[in-house]
Every structure is written in structure tokens, then in C-alpha cells.
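Reader: I'd like a close look at one part. Keep it brisk, and give the cut-offs.

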Amino acid sequence: MVKYSAACLFLAAQAYAFAPTQLPSKRAFLLKSAEHDFYDQVTSEGASMVGKRRATTAIMPQSSEVTNGAQFVSAVMDETEVEGATAEDETEVSEDDEESMEEESSATTASDKAFSYKPEDAEIAARKLAKDMRKEENKIARQKVKAEKAARRAENGMTLPEFTAEILVPAAVVGFLGNWVYKNSKFLYDKGQADTLASYANEMIYHDGDFEEMKMCQNEYRRKLGIGPKRRKMLTSYLEQYAKKKVVSPQAISSLSYVFSLYNLSEKDAAKVIVKAAENLSTQPASRSKLLFFGEHILKSPEGLTELQPIRDMLASAYRSGGPAIVANAQKTIGQAAYKNAVIAAGDEQTSLTVGWELLGLTKDEAETVYEAVKSDGFQSDAKKLYGGPKQEFDEKGRRIDPKGKLMDKEDEDSASDGPKGSIFECGNCGYTLFPAKGREFKFFPDDFKCPECGSPKDQFIGRD
């Protein structure tokens with residue numbers, strides 16, 4: 001039917017092309033109207049294939065009556081005139097209307113051009129009609145296949161290949177893609193959270209001791225971390241970094257006590273957070289020891305101190321025997337060392353016991369003992385006592401000398417007259433050359449020195465600058 005309708009349109013266009021160029025206005029209008037009715041009738045949405053065939057047959061004349069293109073156009077016009085004459089009201093055209101139509105026929109060719117029909121327009125319309133009808137035929141075929149499949153399933157159920165292709169495979173693909181999206185999203189989210197927590201810990205340590213800045217920093221990063229549980233994560237990250245970077249001191253105890261107050265945790269919950277931070281520091285026993293010290297001197301309740309037992313067990317497990325006693329002594333030593341550093345930091349101008357010994361868990365007698373020991377050393381640290389004495393002098397050859405310029409080591413005096421002079425030494429036998437560091441030449445010429453290349457003794461080497 002598609003080919004038949006397209007042929008009719010194309011034939012009508014060709015016949016019109018060879019017809020007289022100036023048709024009466026009434027005939028041109030009726031021809032155009034018939035064309036539009038034909039196209040609307042065969043392409044109307046929802047019309048059945050039979051209805052389209054009937055519409056085409058009603059407009060198209062019998063092939064025996066069409067002897068050429070002009071006769072076909074004339075037949076279409078005659079049928080259109082008959083249809084117009086037998087309208088619903090069956091009124092006849094008045095004489096005035098006929099006169100107006102005749103006047104229109106003598107108008108300019110502009111009106112005829114408005115209704116002119118080109119062959120290429122008919123070909124485009126035919127192609128569009130064929131395309132629309134193919135779509136409808138394919139749609140009907142698909143619906144028929146679906147209906148047959150549904151009927152078969154209702155009667156026999158779904159076959160294994162159908163179940164695999166329609167349910168298992170799509171479900172597997174959706175599951176794989178969903179899992180991939182979830183893992184990647186979780187990875188990016190966790191990485192972002194870890195970076196934010198690390199930044200929070202570092203900034204809190206940077207403002208350590210400035211309680212106002214620390215409070216603002218905590219509020220800011222709570223907003224950055226978004227919704228969800230974050231207090232324990234923030235505190236755990238902070239404790240890990242604090243144990244790595246800060247030393248035990250009265251000021252550190254005060255800062256950590258203030259941080260714990262910001263989180264409004266019970267002592268039992270605070271102890272659990274300290275234990276979690278210690279578990280994350282499995283390869284750093286020194287940091288674990290500091291966390292245990294901080295916990296024991298910040299928490300006061302028996303419940304909180306009991307919750308710290310896992311950290312004691314971790315540290316004691318590193319020793320074959322006597323682990324708990326060693327850990328307890330180490331904790332006491334940490335407090336004494338921290339107080340000693342506090343006394344040294346206070347300087348030699350202090351005249352009374354340095355504050356902070358209570359925070360470190362020392363008794364007054366223990367604090368006085370440490371204070372007097374530091375005072376007797378002139379409030380100097382061990383490093384200053386070791387390296388802070390008079391500056392050692394050396395001669396041009398790197399040998400130690402006293403303030404008067406004499407050699408301090410006798411072996412240096414014995415070797416001063418031995419060996420060649422200069423900073424570059426060349427073997428007179430084979431040409432092997434040594435370039436010892438300036439001031440250390442004598443170290444390369446012991447009594448049994450020989451040339452590495454030819455075995456010549458050291459007296460064969462010639463020194464030159």
C-alpha cells in the first residue's frame with residue numbers, strides 16, 4: 001500500500017507539472033484541498049491500515065480512466081467538485097460566488113504560485129508516508145511478538161535462557177555497577193575524611209595552649225566533616241598526632257584536659273578513645289607510653305583508669321617477664337623527666353619550686369629532689385653539659401691542641417715528623433695519587449702504609465700542594 005500511495009502522489013505531481021500553468025482559481029483551490037485531505041487521511045495517527053487503503057481508493061480514480069497525467073488531475077478535480085456539491089447542507093454555489101471565483105481566476109499569478117505543487121514536494125511526502133507506515137507496521141509486529149511471548153509464558157512459564165537473558169544478566173550488570181560506584185564513592189569519601197582529620201589534628205597542635213583558638217578550630221572542622229558521628233574520630237586523630245609530636249609536660253596535660261572538656265565525654269568514653277588511638281600506634285611504643293601517661297594523669301575516676309588497662313597490656317607484652325612492673329616504673333620515670341625539663345626551661349632565675357609537679361603525678365618530696373639536682377647543675381640540660389663546654393681547638397692538620405697551641409695527643413706528636421708534606425700525595429714509583437682531606441693527611445700514612453697499586457712504602461710518596 002505504501003508503494004501504491006507514493007506512486008499516486010508522484011503521478012499526480014507529474015500530471016500537474018505538465019498541465020496548463022494557469023488553472024482557474026477554483027480548480028486550483030479544490031486540487032490543493034483534495035491533496036491535504038488525502039495526506040491527512042493516510043497519515044492520521046490511530047487510523048488502521050484498512051482505513052488508509054479506503055481513503056486512498058476513494059480519492060484515486062480507476063487506472064482505466066487515466067490515460068495521461070492531465071486526465072488524472074481532471075478526474076481528481078471532478079471528484080472533489082462532486083464532493084463539494086454534496087456537502088452536509090447541500091447548498092448550491094450562488095451566481096455571485098461564481099462571479100467572484102471567475103474574478104479570482106483573472107488575478108495575478110501570485111495566488112497560483114501560492115498553490116503551486118512541485119514534483120519534489122510529492123516525492124518528499126511519499127517518502128514520509130512510507131516511513132510512517134513502516135514504523136506502524138514494525139510497532140504492530142513488536143506488539144504481536146510481545147503478546148505471543150506473554151501468552152507462552154502464561155501457559156508454560158519462563159524458560160531458562162529467557163530467565164538468564166532477562167533477569168540474571170541485567171541483575172548481575174546492575175549489581176556490578178552498583179558495587180563499583182559504591183566502592184569508589186566510599187574510597188573518595190574516606191580519603192577526604194582522613195585528610196580533613198589530619199588537618200584538624202595538625203592545626204590543633206599548632207594552636208596548642210591557646211584555648212580560644214583551639215575552640216574555634218574544633219567548631220570549624222566539625223562543620224567541615226559534615227553530618228554523622230565525628231567526635232570520636234576527631235579526638236582519636238588528634239591524640240595520635242599529639243602523642244607523636246609533643247613531649248610530656250605540665251602544659252601538655254593542661255591542653256589535653258581542655259580538649260577533653262570540649263567533647264563533653266564521660267571519663268569512661270574518653271578512656272576508650274585513648275585506647276583506640278594507642279591501638280592505631282602499634283609500631284610506636286614510645287607514643288603509646290605517652291598516651292598511657294596522659295590518660296592516667298587526666299582521668300580521675302576508677303572507671304576511666306580501669307578502661308586504660310588494654311594500653312598497659314600492650315606495653316607489658318613487649319617484655320618476657322615483669323612487664324607490668326616495668327611499665328609502671330617507666331610511667332614514673334616519664335613524670336620525673338618531664339618535671340626536670342620544666343625546671344630547666346624555667347631558667348636559673350627561679351628561687352622556689354617550679355610549678356607543675358602536681359599535674360605530672362609527683363609528690364612534693366620527689367619534685368624537690370628533682371629541683372635540687374637541676375639546681376646543682378646550674379639549671380643546665382644534659383646536652384648542654386655534654387656539648388656546652390669550652391670550644392676545642394685544632395691545628396691545620398686536624399690535630400687537637402690546647403689553648404697554648406700544643407698537641408694534646410702524643411701519637412699526633414710522633415706522627416708529625418713522619419710522612420710526606422703537602423695535601424696531595426703521589427707515588428714516585430707508579431704515579432698513584434692520594435687526595436686526603438686537608439688536616440687529615442697523617443691519618444693516611446701509618447708506619448706500615450704501602451702503595452695500593454705497586455706496594456711501595458710510604459717514603460716513596462711525594463707530597464705537594
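What is the relative accessible area of D269?

Author: D269 is partly exposed, with a relative accessible area of 23%. Buried means under 20%, exposed over 50%, and partly exposed lies in between (1.4 Å probe, protein chains only). This is a predicted model: local features need pLDDT of at least 70, side-chain atom pairs need 80 or more, and totals for chains, interfaces and linings use all residues. Residues are numbered from 1 along each chain as its sequence is written, and side-chain values use heavy atoms, without hydrogens or water.

D269 forms a salt bridge with R232, and the closest N and O atoms are 3.6 Å apart. This pair links distant parts of the chain, with D269 in helix α12 and R232 in helix α10, 37 residues apart. A salt bridge puts a side-chain nitrogen of Lys or Arg within 4 Å of a carboxyl oxygen of Asp or Glu. R232 counts as partly exposed, at 41% relative accessibility. A search of the whole structure finds seven salt bridges.

Helices are DSSP runs (H or I, at least four residues), as strands are (E, at least two), numbered from the N terminus. Helix α12 has 14 residues, 267-280. At 1.5 Å a residue it should span 20 Å, and its end C-alpha atoms are 20 Å apart, which agrees. The expected span is 1.5 Å times one less than the number of residues.

The buried residues of α12 are A270, A271, V273, I274, V275, A277 and A278. They pack against α10 (231-245), α11 (250-263), α13 (285-298), α14 (302-307) and α15 (309-316). Contact here means heavy atoms within 4.5 Å.
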